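Here is a model to read through, one question at a time. Each reply sets a value against the rule behind it.

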Amino acid sequence: MTPTEIKETLDREFPGSVIDNEELAESQIELKPDQWLEIATYLKNDPGLNFDQLECVTGIDTGEDGPLQSRYNFHSMEHRHKIEVVISLDRNNPKVASIEQVWRVGDWFERETYDMFGIIYEGHRDLRRILCPEDWEGWPLRKDYEAQETYHGIVVPKIKEEEWE
Amino acid sequence: MGVVQGDQMVLNIGPQHPSTHGVLRLKVWTDGEIVSEIKPYIGYLHRCFEKHSENVTYEQVIPFTDRCDYIASMNNNFGYVVTMEELMEIKVPERVEYIRVIMAELNRIASHLLALGVYGLDVGAFTPFLYMFRDRERILDIFELTCGARLLYNYMWVGGVSHDLPKDFERICIGFLDYFEPKIKEYNDLLTHNKIFLERTADVGVLPPDVAINFGVSGPNLRGSGVNWDVRKDEPYSIYDRFEFEIPLGEGEFGTVGDSFDRYWVRMCEMKESIKIIRQAIKDLPDGDVFQTIPKKIRPPKGSIYRRTESPRGDLGYYIISDGSPIPYRVKMRSPAFTALSSLGEIAQGWMLSDVIAILGSLDIVLGEIDR
């Protein structure tokens, strides 16, 4: 199926869940966060779609007051089609359903996105930091992130803007 | 594997332990000698690759990709430049494509040699490790001749490569292949068909195909479970559609499909296929200017792209978002070893502690790539 057909199917099965976003590419679909777990289960189990591979989960910070995004790349080994799902979340309360139990690879992917962006995946059975230490403060890949000054008495080096240019 | 009821013991393996292949910590719950649960703790080698990428220009990201998977740097460069070129719609000269494929396949052989040698070491065979390192050295010599570096190459650039091939490269490379091809038989005699090795690996740590796909396992680990999936064949990038090569699959020759031996065996067979590809590429290698399409300034158009390529460890994906400036807005690397390690808890459950080391080794993880 082409991305447009997949989009139409989802719009038919879950009315009102697909958001039109002109900025996105053809292969991307923006969805509302509320029905995400049901849609994800449908993407995996529907024989016509059969997305058995979750390739990648990426978090994105769209800028100062913009939303955080959680993006998922799916691929079907049987039908050889792929789709990218974009879910925008409120920056001050980023919460979305976890799909860790649908695709088990989502477990670590979601932990990584939580670690870097602070997106909370509801229903995840073991949502802890994965790359940073467990008591690290802040969400490093957010654009407004500022590193903490000390960590257990060790000074965290500050990078000055000029040094990079 | 009978069920024994007794006290649970929590055991800590790593972060400094030779069989964890780097700084990996495994928390293992055991019942006697039988493992009931494993939790890997990672992040000891986290160097903020993605955060760094948001502060440097696009071309400066390439050396960082080298350092992610330091065993197969060429393949990491390859994935990044292929993704960037697709985003910028650059068509590189034929010669560059061929050089890249030759380098990537040579690096695949070097990476598999290390993986197989160290795997032998993990299960107690010391000699094959020395043999394989001897031959890997020759590949590193070829890389050194080409770009001056032996481990971290920074060789492939967006739109080209950093150096043209040295004089006489074809002769040296063919010379190596002629030397190396019969050596595979030697490894098989020495390690593959060794009874102790077979006892340690066959039927140990079976990864069924559906579980493998669900856990996002890719590359030789996935093919070891009998799933015919190779990005080079199924979603060809660069010029891989021009070459003839087979995809070796696990067949459960000495045990069950998807056991540790199958994962090992797929890697051994893949080296032969890489030799085939390099021979074809050298035969057709065209002339040309390798610097012709290197852009003066890299400013990709606004947009995002996700592309995956086949590294020796599996699907290596890059997610790049550009906002039109010379500095990337976001670079995400989808690392194949990361997903492979996440499946360890599932595969290793119920096995003896010593088998856990054999299973972990068969997954061929590189911590630099997991922690980034």
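Q: Which residue of β9(B) does B:Thr309 stand opposite?

A: B:Thr309 stands opposite B:Leu316. This is a predicted model, in which local features need pLDDT of at least 70 and side-chain atom pairs count only at pLDDT 80 or more, while totals for chains, interfaces and linings use all residues. Residues are numbered from 1 along each chain as its sequence is written, chains are lettered from A and ligands numbered from 1 in the order in which they are written, and side-chain values use heavy atoms, with hydrogens and water left out.

Q: What makes β8(B) and β9 of chain B a pair?

A: Two strands pair if DSSP finds at least two bridges between them. β8(B) and β9 (residues 314-322) have nine bridges, in the antiparallel sense, so they meet the rule. A strand here is a DSSP run of E of at least two residues, and a helix is a run of H or I of at least four, both numbered from the N terminus.

Q: Why are β8 and β10 of chain B called edge strands?

A: The open sheet has three strands in the order β8-β9-β10 (chain B), paired antiparallel. β8 (303-311) and β10 (330-334) of chain B each pair on one side only. The twist averages 15° from one strand to the next, where axes are lines fitted to C-alpha atoms (for helices over the stretch in contact) and angles run from 0 to 180 degrees between N-to-C directions.

Q: How do you know that B:Arg308 forms a salt bridge with A:Glu55?

A: The rule asks for a side-chain nitrogen of Lys or Arg within 4 Å of a carboxyl oxygen of Asp or Glu. The closest N and O atoms of B:Arg308 and A:Glu55 are 3.4 Å apart, so the pair qualifies. Across the interface of chain A and chain B the rule finds seven salt bridges.

Q: What area is buried between chain A and chain B?

A: About 3,400 Å² is buried, and carbon and sulfur atoms give 57% of this. Buried area is the accessible area (1.4 Å probe) that two parts lose on being put together, summed over both, so the figure covers both chains.
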